[in-house]
Amino acid sequence: MKLQVAMDLLTTKDALELAGRVAEYVDIIELGTPLIKAAGLSVVTAVKEAHPDKLVFADMKTMDAGELEADIAFKAGADLMTVLGVADDSTIAGAVKAAKAHNKGVVVDLIGVADKVTRAKEVRALGAEFVEMHAGLDEQAQPGFDLQGLLTAGTEARVPFSVAGGVKVSTIGAVQQAGADVAVAGGAIYGAADPALAAKELRGAIA
């Protein structure tokens with residue numbers, strides 16, 4: 001199982017600093033949507049140039065103009081970009097078309113999708129590299145949030161998937177046991193007093 005760091009920072013300087021500290025422990029470096037909106041896609045280029053051996057993930061959360069937005073992300077240096085699962089099938093197909101042209105990949109983010117299992121199968125058939133079983137920060141803050149729902153959906157969908165939302169040292173074992181291809185850790189790394197140590201501990205917790 002790969003480890004992905006999600007960086008919801010707001011400046012290119014901070015992103016490069018954090019990436020430099022944790023890169024040796026992670027496989028995928030994700031530039032979060034707030035970071036891309038605040039710093040622009042030049043942050044994707046900067047991180048890819050600094051870490052050419054890592055997969056760089058642009059969390060675009062594209063909802064329309066899939067081919068165009070994917071093309072922009074890939075030209076900036078992204079290896080993977082996201083389209084929302086609630087988008088029209090044609091939007092996802094357009095992004096996949098751009099991905100094939102660049103030999104890159106599209107991840108479909110299932111945040112806000114009620115029936116994640118069904119949609120996961122549908123978007124995989126459209127050409128998604130994998131799907132992201134995702135609970136956003138607002139959802140995680142709600143009383144009673146439980147990571148298990150994401151894990152169950154991933155197991156039942158029987159397609160390649162990542163899990164984002166509540167991944168930490170105490171839960172990453174369950175994420176792997178559920179069959180996830182990628183565990184996405186955000187706040188557990190960038191919110192830690194020592195992000196490098198946090199990333200190292202997450203890596204060590206992967207069997």
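Where does Arg158 lie?

A: Arg158 lies in the loop between helix H8 (148-157) and strand S7 (161-164). Helices here are DSSP runs of H or I with at least four residues, strands are runs of E with at least two, and both are numbered from the N terminus. Before going on, the ground rules: this is a predicted model, where local features need pLDDT of at least 70, side-chain atom pairs count only at pLDDT 80 or more, and totals for chains, interfaces and linings use all residues. Residues are numbered from 1 along each chain as its sequence is written, and side-chain values use heavy atoms, with hydrogens and water left out.

The phi of Arg158 is near 55°, which is a positive value in a residue other than glycine. At 77% relative accessibility, Arg158 counts as exposed. For the cut-offs, buried is under 20% relative accessible area, exposed is over 50%, and partly exposed is in between, with a 1.4 Å probe and protein chains only.

Asn103 is found in the loop between helix H5 (89-102) and strand S5 (105-109), and with 70% relative accessibility it counts as exposed.

Now for the charged pairs. A salt bridge here is a side-chain nitrogen of Lys or Arg within 4 Å of a carboxyl oxygen of Asp or Glu, and by this rule the count comes to 9. One of them joins the side chains of Arg21 and Asp194, at 4.0 Å from N to O. That pair links distant parts of the chain: Arg21 sits in helix H1 (residues 12-22) and Asp194 in the loop between helix H10 (187-190) and helix H11 (195-205), 173 residues apart. Arg21 is partly exposed, with a relative accessible area of 37%, and Asp194 is partly exposed too, at 34%.

Lys48 and Asp79 form another salt bridge, with their closest N and O atoms 2.8 Å apart. This pair also links distant parts of the chain, with Lys48 in helix H3 (residues 42-50) and Asp79 in the loop between helix H4 (66-76) and strand S4 (80-84), 31 residues apart. Both Lys48 and Asp79 are buried.

Glu122 and Arg119 give a local example, their side chains meeting at 2.9 Å from N to O. They are 3 residues apart in helix H6 (residues 116-125), so about one helical turn separates them. Glu122 is partly exposed, with a relative accessible area of 38%, whereas Arg119 counts as buried at 10%. Salt bridges that share partners also join Lys48, Asp79 and Lys104 into one network.

That brings us to H3 itself. In H3, Val43, Val44, Ala46, Val47 and Lys48 are buried. The buried residues of H3 pack against H1, strand S2 (28-31), helix H2 (33-39), S3 and H4. Leu16 and Ala50 are 34 residues apart in sequence and 7.8 Å apart in space, C-alpha to C-alpha. Leu16 is partly exposed, with a relative accessible area of 31%.

His51 is buried, with a relative accessible area of 12%. Leaving out residues up to four places away in sequence, His51 touches Ala19, Gly20, Ala23 and Ile29.

Zooming out, the protein chain has 11 helices and 8 strands. With 207 residues, a compact globule would have a radius of gyration near 17 Å, and the 16 Å of this chain agrees. That radius is taken over C-alpha atoms, and the globule rule is 2.2 Å times the number of residues to the power 0.38. The C-alpha atoms fill a box of roughly 45 × 35 × 30 Å along the principal axes. Buried residues make up 51% of the 207 residues. Among contacts between residues at least 6 apart in sequence, 63% join residues at least 24 apart.

Note on methods:
Contact = heavy atoms within 4.5 Å.
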